[in-house]
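Hi there,

Here is the structure I promised to pass on to you. Have a look at it first, and then read my notes below.

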Amino acid sequence: MKKIMYVFSLIALASLILSACGAPTPVATEAPAVVTEAPVVATEPPAPAWDAPEGALVASFVDAAPTLDGVADEAFWADAEDFVVDVDGGFGGFETKVNLKAVYTADSVYFLMTYEDPTESWYRYPWVKQEDGTWKQDKDPNDKGGDNNLNYEDKMAFIWNINNSIDKFETKGCYSACHDGENPDLKPYGNKYTAGEGQLGDIWHWKSVRNLNQIDDQFVDWTMLDTSTPENQAKTIEAGRHSDPKESGGYADNFASMPDPADATKTIADKTMPGFTSPNIDMTTGAPGYILDSEKVAVTKEELDAMPAGTIIPAIVKSEIVGDRGNISAGWVWADGMWTLVFGRALETGSEFDVQFYDLA
């Protein structure tokens, strides 16, 4: 534009010179040409390429949520970045490779987890009718508390650092909350709690038998096991590991009930026999290892007495969790020596006990 205005200035100056050098002469003029330019569009420089931190699982954006059925047949899972975690040091020397993938939508994040496990463990110390007519839970006789591996269920857990509050979590991971060797008579594998007040972690704890369409939403804080009195020990036996609040649902032990000796108007658990059965369990094997609360049928002592020795009844009654503890939806399948889990949660839950994915970076 400046160049055009400069040309216009030279033309005007020449006209003045010609007028001053001779008699005025009529000059034919034309309408000035209209000069236009293409509009200038402001553009920002391209953003630098984003590099994932080393050792990070990267979630890809997808338009629609996956179906949480443990099948993972959506096309986007094949394109999602694969992340492999080596797992070892488990009960009985168990080790495997866990494959993780992640995607997210406008409001939720989802994970696909697969890993090899030669056995599906669903026989979680069920009730077994004895030859003498009594009932007994088939537990590991060597279980000192927390180390039952004989008759148990498959499980896994994630721990997320809430607001980067757990000291050394970026380098030590969940080991920053593990305290081996503490109270070995009560807890052979020690306790889990963070190093100081205000250090809080979000635990996503999947229990293949006790959970239903969900992963248990829990948290870890700085609570230590207090053995000073039986009451304090009972309150703090889990140390820093807690469950998020819930309104209803979840799992419960399958116990019969009996009158409370201290108050005849109340009942307490009778831990000598099961209280429920279901038409959808196999009482020769105990499969599938649980009773759905929606299908449970109360069983009387007379009915239990009439059952043959060797009858097996699951020791867990379960339903979906309602409330903060039930924030994580999931589906899972074990087939051909492989576990496949698909699970997801809202990016932001508003719970003080949950990690919040405000920053998608």
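**The aromatic core residues**

With a relative accessible area of 0%, Phe 343 is buried; buried means under 20% relative accessible area, exposed over 50% and partly exposed in between, with a 1.4 Å probe and protein chains only. Before we go on, please note that this is a predicted model, in which local features need pLDDT of at least 70 and side-chain atom pairs count only at pLDDT 80 or more, while totals for chains, interfaces and linings use all residues. Residues are numbered from 1 along each chain as its sequence is written, and side-chain values use heavy atoms, with hydrogens and water left out.

The structure holds 18 aromatic pairs. Rings of Phe, Tyr and Trp (its six-membered ring) pair if their centres lie within 6.5 Å, and planes under 30 degrees apart count as stacked, over 60 as edge-to-face and the rest as tilted. Phe 111 and Phe 343 are stacked because their ring centres are 5.5 Å apart and their planes at 20°. This pair links distant parts of the chain, 232 residues apart: Phe 111 is in strand 4 (residues 108–116) and Phe 343 in strand 22 (residues 338–346). Strands (E, at least two residues) are DSSP runs, numbered from the N terminus.

How is the pair of Trp 204 and Phe 343 arranged, stacked or edge-to-face? Their ring centres lie 6.4 Å apart with the planes at 80°, so the pair is edge-to-face. Trp 204 counts as buried, at 0% relative accessibility. One aromatic cluster is formed by Phe 111, Phe 158, Trp 160, Trp 204, Phe 343 and Phe 357.

**A pocket and a charge over a ring**

The second largest pocket has about 220 Å³ of space. Among its 17 lining residues, the closest to the centre are Glu 120, Ser 208, Tyr 290, Lys 318 and Trp 332. (On a 1 Å grid over the protein atoms alone, a pocket is an open set of points where a 1.4 Å probe fits, with protein on both sides within 12 Å along at least five of seven lines; lining residues have an atom within 4 Å of a point. A volume is the space filled by probe spheres set on the points.) Strand 21 (residues 328–335) gives the most to this lining, with five residues.

Lys 318 also lies over the face of Tyr 290, at 3.6 Å from the ring centre. The rule is that NZ of Lys or CZ of Arg is within 6 Å of the ring centre and within 35 degrees of the ring normal.

Enjoy exploring!

Conventions: Helix = DSSP H or I, 4+ residues; strand = E, 2+ residues; numbered from the N terminus.
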